[in-house]
Amino acid sequence: MFKMSPTSLSRSIRLRMCSGPVSLLLTLVLVQGTVAQKLPTRDEGLFQMQIRDKAVFHDSSVMPDGAEISGYLFRDTPKRYYFVVEEDNTPLSVTVTPCDAPLEWKLTLQELPEEASGEGSGKGEPEPLDQQKQQVTANEGTELFTYKGNDVESFISTSSPSGLYQLEILSTEKDSNFKVYATTTPESDQPYPELPYDPRVDVTALGRTTVTLAWKPTPTGVLMGQPVQYCVVINKEHNFKSLCAAEAKMSADDTFMAVPKPGRDFSPFDFAHFGFVPSENDFGKDRSLATNRALGGKLSRSYNAKPKTSDILKLCIGNKNIFTVSDLKPDTQYYFDVFAVNSATNTSTAYVGTFARTKEEARQKTVELKDGKMADVFIKRKGTKFLRFAPVSSHQRVTLFVHACLDTVQVQVRRDGKLLLSQNVEGVRQFQLRGKAKAKYLIRVRGSRKGASTLKVLASTRPSSKQPFPSLPEDTRIKAFDKLRTCSSVTVAWLGTQERNKFCVYRREVAEGYGEEQRRREQNQCAGPETRRKSEKVLCKYFHSPNLQKAVTTETITGLEAGKSYLLDVYVVGHSGHSVKYQSKLVKTRKYC
């Protein structure tokens, strides 16, 4: 990471992997009159050239300067990174970000040995490492900093001595991902978005299924003009201290860094920062990389949330600092975290997260049904009503009558928690339910999405109980005969049944612009003749036919005005007095006769 001055002798670091602990071989390279070998630099073009030369750059445990790298730890197996600080009084900053589990890490300093002399290639280039003379020295070094935990922690020094630095990282709980950032220019670098003076996330509004969050913007985006977006993470367990910790938790397939495959180098650079395009198999699914030639080959990652069944949701919302989370469950506690993400470097900083419990669902008042008694039920648009039926006497069967007066409703019946039926009901329906001693029935009715719903419900345990509603034909339309239409009368027909019922006809003059859409809105089958004016009544008559093929009746309605529109209604009244209205019919008399 930290390159040497051109006038000094080159040094290289070689790691030899043995069956025992890792041993450090410090190779002193004597190159007289030549420029020293460089460790990874910030020069992107030079780094790409060095990384291809195995003789120059052969160990990925050497850390780059000013770039965040990702790594993976196996449990109880330490990972070591090395870098050289060439000059005394050099500023130094090292930041370690745990992702999956708490980490133990320490930073040690090992003094560089005295410089020796030698001859170079004579061409101004360093000799290959395998041809260079080596001098090995072993030194335990001085411990500078230690930390154990899952916080994002940094070692910062305004004046560090020259020497060989070693960063050792260990995970004792489980295999884990982590990130490391180191720099010798912390004053000028802005690796992570800066937090505002008040880094808290506030809950500004709370509902049953929504929570509104607000936070102060990062100065990195407002004052420094760097590309910053915010990502919100929602879950039910706890707050996260880093974005990679949240991503690692989301799922095994969508961790921030894919688990290394056996047999490959387990401490790779994050080559994305240096313009390399890795294969899709080398990264997790959430690390979608796309080359942007217009930006000099720099890479950007997509932070769009992916639909999944995980209990953790990540939403990246651009640069706005107010956001409403929706589709939450009522009476549930959620944890909310906000991360400022630098879109250019992919580094992120966590705000101080918060938590909130959504409001309880409005408790529905349960309607108690009495045996054999009709109940009128009104439901708001897309609303739900609960009805409870608890027969006093023992019973073998329950008969349930439902009359959906307007649009179709969904009816669900449970007996002592066990689901007995779940059906959509339109018009009049009758259900037979198997009874059980001391059983209690819970009826749930869900309204229509089109508008409010009205229905009549009756439950009875009496085997001899009569049908409360009159029997209806399958077709409840009213037919008008156009050829029989005059300036003062219209002739209509409707179907009946084999059961003798009373039919009442009503008429109402309507405006010229009255249409079918308005007629459907006013259609309420449960509104009986008692809701009509006496002046609108045409006649009432009884009708039935043993032969269903001939169960048709006609009626001529007279006394109408020429060129006027009328709405005709036919009500069929049952023996118990409950009525059902046929579908209304809009007719118009002739204007000229």
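1. Phe 336 is buried, with a relative accessible area of 0%; buried means under 20%, exposed over 50% and partly exposed in between, with a 1.4 Å probe and protein chains only. Tyr 334 is buried too, at 6%. The two rings form a tilted aromatic pair, 6.4 Å centre to centre with 35 degrees between the planes. Rings of Phe, Tyr and Trp (its six-membered ring) pair if their centres lie within 6.5 Å; planes under 30 degrees apart are stacked, over 60 edge-to-face, and the rest tilted.

2. This is a predicted model, in which local features need pLDDT of at least 70 and side-chain atom pairs count only at pLDDT 80 or more, while totals for chains, interfaces and linings use all residues. Residues are numbered from 1 along each chain as its sequence is written, and side-chain values use heavy atoms, leaving out hydrogens and water.

3. The structure holds 15 aromatic pairs. One of them, Tyr 230 with Tyr 351, is edge-to-face, at 6.2 Å centre to centre and 65 degrees between the planes. This pair links distant parts of the chain, 121 residues apart: Tyr 230 is in strand E13 (residues 228–235), and Tyr 351 in the loop between strands E19 (348–350) and E20 (354–357). Tyr 230 is buried at 3% relative accessible area, and Tyr 351 is buried at 3%.

4. Trp 494, Phe 503, Phe 543 and Tyr 582 form one aromatic cluster.

5. Helix H3 (residues 243–250) has seven of its eight residues buried, among them Glu 247 and Met 250. Its cover includes strands E5 (90–98), E10 (176–183) and E18 (333–342), as well as E13 and E19. Helices (H or I, at least four residues) and strands (E, at least two) are DSSP runs, numbered from the N terminus.

Conventions. Contact means heavy atoms within 4.5 Å.
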